[in-house]
Amino acid sequence: MPDAGTIGLIALGLVVGAVSAVTPFLPVEAYVIGLAVAQSPTVAVAGAVAAAIGQTVGKVVLFTAARGAATSRWSQKLRDRGAKEAAEIAAAEEAGEPPPGGPVKRALRPVGRWLKRVNALGIRLLSGRWGPGVVLLSGSVGIPPLLAIAFYAGTSKMSLRTFVVACLAGRTIRFVVLALVPDLF
C-alpha cells in the first residue's frame with residue numbers, strides 16, 4: 001500500500017493535468033518530468049496516468065463547451081449575420097458595385113474566407129474516419145495542439161466517447177513515455 005505522500009503526488013498529477021488542459025501556460029509535462037526525476041518509475045508512471053486522466057477530463061470540458069456553443073442561439077445569430085453579409089457582398093458584386101464596408105473590412109475579407117475554409121476542413125477531418133487518429137496523434141505528439149483539436153472535435157460529428165478514448169490513449173502514451181524517459185523532451 002502506497003504511503004500518503006505517494007497518493008498525494010498521484011492525486012496532484014490528476015489536478016495538474018485537469019488545470020493544464022484548459023490553461024496553456026501550465027505545462028503538465030513539467031510535473032511528469034519532475035516526478036520521473038524525483039520519484040521511482042512506478043510512482044512516476046502512476047502520476048503520468050493520473051495526469052493523462054486529468055488532461056482528458058479538462059479536454060472533455062472544452063469539447064462539451066464547443067458542442068454547446070455550436071448549437072447556441074448566439075452562434076445561430078452569428079451564422080445568420082454572416083449569411084446576410086455574404087448576400088450583401090454577392091449582390092454588390094453582381095451589380096458591379098464595390099462590396100459594403102470600409103477599406104479595413106474589405107482587406108480582411110480574404111483572411112476571413114481562408115479561415116472559414118480551414119475551419120470547415122478541420123471539422124470535416126474530425127467528423128470522418130480519420131478523426132480519432134487525429135485526436136490520438138495530437139494527444140500523444142502535440143501536433144496539432146490538443147487544445148485546438150478539443151474545440152474542433154466538439155463542433156464535429158465525433159462522439160464524446162470516441163473523443164475520450166482517443167484523447168486518453170494519446171495523453172497516456174505521451175506522459176508514460178515522459179515518465180520513463182524524462183530526457184526525451
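Me: What covers the buried residues of α7?
Reply: The cover includes α3 (41-70), α5 (103-127), α6 (131-141) and α8 (160-180), with contact meaning heavy atoms within 4.5 Å. This is a predicted model, where local features need pLDDT of at least 70, side-chain atom pairs count only at pLDDT 80 or more, and totals for chains, interfaces and linings use all residues. Residues are numbered from 1 along each chain as its sequence is written, and side-chain values use heavy atoms, leaving out hydrogens and water.

Me: Which residues of α7 are called buried?
Reply: In α7 (residues 146-155) they are Leu146, Ile149, Ala150, Ala153 and Gly154. Buried means under 20% relative accessible area, exposed over 50%, and partly exposed in between (1.4 Å probe, protein chains only).

Me: Why do we say that the buried residues of α7 line one face?
Reply: Looking down the α7 axis, they fall within an arc of 135°, so they line one face of the helix. The arc is that of the directions from the helix axis to the C-beta atoms.

Me: What joins Ile143 and Pro144?
Reply: A cis peptide bond, with omega about -10°; Pro144 sits in the loop between α6 and α7.

Me: How do the axes of α1 and α2 cross?
Reply: The axes of α1 (residues 4-22) and α2 (residues 28-38) come within 9 Å and cross at roughly 160°. That makes α1 roughly antiparallel to α2, since angles under 35 degrees count as roughly parallel, over 145 as roughly antiparallel, 65 to 115 as roughly perpendicular and the rest as oblique.

Note on methods: Axes are lines fitted to C-alpha atoms, for helices over the stretch in contact, and angles run from 0 to 180 degrees between N-to-C directions. Helices (H or I, at least four residues) and strands (E, at least two) are DSSP runs, numbered from the N terminus.
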